[in-house]
Amino acid sequence: IAGDGSLVLEVYYDRNKISVDVNGDKDDYYYDDEITEPETPVDPNGGEFKGWEDEDGDPVDFPYNVPDEEDKEIIITPVYYYTVKFVADNAEVLVVENRAGTAYTVPDAAKTGYTFNGWTLDGADAGLTAGGEATIPVGGATYIASWTAHEGIAYTVITYKMNSDGTTYAETSETLYGTAGETATAATPDEEGFTFNADKSTIEGTIAGDGSLVLEVYYDRNKI
């Protein structure tokens with residue numbers, strides 16, 4: 001210590017350098033450097049970009065200020081969501097959108113008059129069990145319900161014959177049987193003294209698994 005007070009001591013601090021990898025672009029940055037957001041990445045597997053996260057799974061916002069983490073490499077990666085769809089009779093039963101590996105419960109697609117065989121993917125059994133747990137695959141997936149139709153499903157054919165008043169109809173009903181999902185066609189035989197009325201009739205329909213199909217055949221009384 002100089003008697004004239006001229007002693008000067010100097011203390012220097014070097015700013016830490018931290019390795020940061022942003023979506024494969026690795027570089028060294030000084031502590032508190034600001035990193036701007038790169039271009040929105042495109043997932044080759046068709047995922048939807050949902051943001052960024054670090055190696056610990058914590059969300060990352062840009063501009064990003066480099067923290068003092070000199071003992072480890074900071075890795076920032078994009079987050080992609082994938083979609084899983086379950087479709088039965090052209091209707092979506094369940095849609096799940098999240099990151100790959102997210103668990104969900106497989107839905108059921110039971111319907112009357114059919115045995116539910118399970119879910120298919122690209123025409124093959126997907127190996128999923130209704131009520132069981134599955135995870136979203138990379139790229140997502142669309143699963144289609146598969147059934148086996150029951151035979152011996154009832155449907156009704158009602159025949160209406162015009163009464164002599166020319167206005168009302170007398171009806172007779174017949175129960176027939178077929179396979180669920182197949183097309184049923186009612187017979188329209190010639191009836192003496194009557195003419196088949198195609199406009200009023202419904203002679204064709206798909207056999208409902210619950211037996212609710214009703215076909216109607218109308219005959220108008222001939223005028224002489």
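## Strand β10 and T120

Strands are DSSP runs of E, at least two residues in length, and are numbered from the N terminus. The model described here is predicted. T120 is found in strand β10, which covers residues 114-121. Because its relative accessibility is 17%, T120 counts as buried. Neighbours within four places in sequence left aside, T120 is in contact with D125, A126, T142, Y143, I144 and S146.

## Pairing around β13

Strand β10 pairs with β13 in the antiparallel sense, over 6 bridges. Within this part of the model, F116 stands opposite W147 in β13.

Strand β13 also pairs with β7, here in the parallel sense and over 4 bridges. F86 has Y143 of β13 as its bridge partner.

## The nonpolar cores

The largest nonpolar core has 16 residues, of which F86, Y104, V106, W119, L128 and Y143 touch the most other members. The largest share, 5 residues, comes from β7.

What is F86 in contact with, leaving aside its neighbours within four places in sequence? The residues in contact with F86 are A91, E92, V93, L94, Y104, V106, P107, W119, L128 and Y143. Apart from this core lies another, of 13 residues; A184, A186, I207 and L213 are among them.

## Backbone features in the loops

Most residues other than glycine have a negative phi, and most peptide bonds are trans. Several places in this model depart from that pattern, as set out below. The peptide bond from F62 to P63 is cis, its omega being near 0 degrees. P63 has its place in the loop between β5 (59-60) and β6 (64-65).

N23, a residue other than glycine, has a positive phi near 55 degrees. This residue, N23, is found in the loop between β1 (17-22) and β2 (25-30). With a relative accessible area of 40%, N23 is partly exposed. D89 is not a glycine either, yet its phi is positive, at about 55 degrees. The loop that holds D89 runs between β7 and β8 (91-98). D89 has a relative accessible area of 52% and is therefore exposed, the cut-off for that class being over 50%.

Definitions and conventions:
Residues are numbered from 1 along each chain as its sequence is written. This is a predicted model: local features need pLDDT of at least 70, side-chain atom pairs count only at pLDDT 80 or more; totals for chains, interfaces and linings use all residues. Side-chain values use heavy atoms; hydrogens and water are left out. A nonpolar core is a set of buried Ala, Val, Leu, Ile, Met, Phe, Trp, Tyr and Cys residues joined through side-chain atoms within 4.5 Å. Buried means under 20% relative accessible area, exposed over 50%, partly exposed in between (1.4 Å probe, protein chains only). Contact means heavy atoms within 4.5 Å. Two strands pair if DSSP finds at least two bridges between them.
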